[in-house]
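Welcome! Take a moment to look over the sequence and the 3D view, and then we can walk through them together.

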Amino acid sequence: MGKKQKEATRRSGMQVVTLCISTTLVLVLLGLVVLSVLTAQKLSDYMRENLTLTVVLSDSVSAREGELLCEQLRGKHYAKRVTYISKEQALREQTIAMGSDPSEFLGTNPFVATIEMQVLAPYANSDSLRAIAKVLKRNRQQVGEVAYQEDLTDRVNRNLQEVSLVMLSLAVLLLIICYALVSNSVRLSVYSRRFAIHTMKLVGASWAFIRKPFIRRALTIGFVSSLLAIGVLGAVAYAVYYYQPGVDQVVTWRELAITAVAVLLAGFAIMLLCTLLSVNKFLRMTAGELYKI
């Protein structure tokens with residue numbers, strides 16, 4: 001093999017490595033966007049369903065009656081999670097939090113039994129919570145008060161809507177950037193072989209025959225880049241799971257699997273599309289046009 005051939009092979013290899021790295025970075029970015037979009041609704045539901053509606057029970061309500069009321073609330077169609085907190089449990093929790101027992105200097109347990117309820121996401125809004133509280137207050141013999149943070153509920157819902165809009169806009173913008181980055185890298189790679197393309201045209205090779213090696217290389221790079229990107233995303237997901245154990249309620253294996261498939265398909269699709277557009281561009285050019293660019 002001559003010196004020029006070795007140099008051309010080395011240069012071609014460097015182009016493939018550079019294109020593979022740039023495509024991998026783009027696919028990682030794209031995968032993060034896809035994962036964010038997939039988990040946005042779950043994150044929204046998770047935050048809504050952690051808003052607490054507190055039912056303060058009357059002093060006359062016994063522990064047994066409180067448990068029965070708790071069971072009734074669990075059967076409601078809007079209930080996500082219902083927890084009964086007895087007077088004794090409330091005293092223990094406050095003793096731990098305060099570092100001292102309030103009943104020792106008050107002579108009695110100052111706390112009342114309560115029921116903490118989290119509702120399903122569709123009902124976690126001011127109107128629904130107001131209606132639920134109104135129904136609960138009708139039971140005046142057992143329910144003394146119903147409390148929830150209405151301002152916090154409105155603020156959470158408003159912020160989630162704004163975040164969803166920002167995420168959608170960011171996803172569209174990143175898709176455009178991803179395509180532009182890969183397209184430029186592929187165009188530069190094909191540009192270096194523009195005279196080889198023209199030579200094959202002169203000897204009578206068909207466009208499909210000329211495209212074949214470029215398409216084969218594009219699919220290979222797309223596949224390798226997709227696997228590398230999936231590996232990086234998997235490592236990121238593992239780290240997040242390790243340091244934030246509760247995140248598995250929002251980011252499940254289903255979202256991760258869909259993201260992996262999306263990254264794999266995107267790797268093939270973007271590389272194939274960019275390669276076809278670039279090769280076709282040079283196939284349509286005349287010899288004079290090739291020397292001018």
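## Confidence in the model

What you see here is a predicted model. The mean pLDDT of the protein chain is 80, with 89% of its residues at 70 or more.

## The largest nonpolar core

Let's step inside. The largest nonpolar core has 26 residues, and those that touch the most other members are Val182, Val186, Val190, Ile197 and Met271. Four helices each supply at least two residues of this core: H1 (3–48), H6 (150–191), H8 (207–243) and H9 (253–283). H9 gives the largest share, eight residues.

To see one of these residues up close, find Val190. Leaving aside residues up to four places away in sequence, Val190 touches Ile197, Phe214, Ser278, Val279 and Phe282.

## A second core

There is also a separate core of 22 residues. Among its members are Leu53, Ala79, Val119 and Ile132.

How far does H5 reach from its first C-alpha to its last? This helix of twelve residues (126–137) reaches 16 Å, close to the 16 Å expected at 1.5 Å a residue.

Terms used: Residues numbered from 1 in each chain as written. Predicted model: local features only at pLDDT ≥ 70, side-chain atom pairs only at ≥ 80, totals over all residues. Heavy atoms only, no water. Expected span 1.5 Å × (residues − 1). Core = buried A, V, L, I, M, F, W, Y, C linked by side-chain atoms within 4.5 Å. Buried < 20%, exposed > 50% of the residue type's maximum accessible area, 1.4 Å probe, protein only. Contact = heavy atoms within 4.5 Å. pLDDT = per-residue confidence, 0-100.
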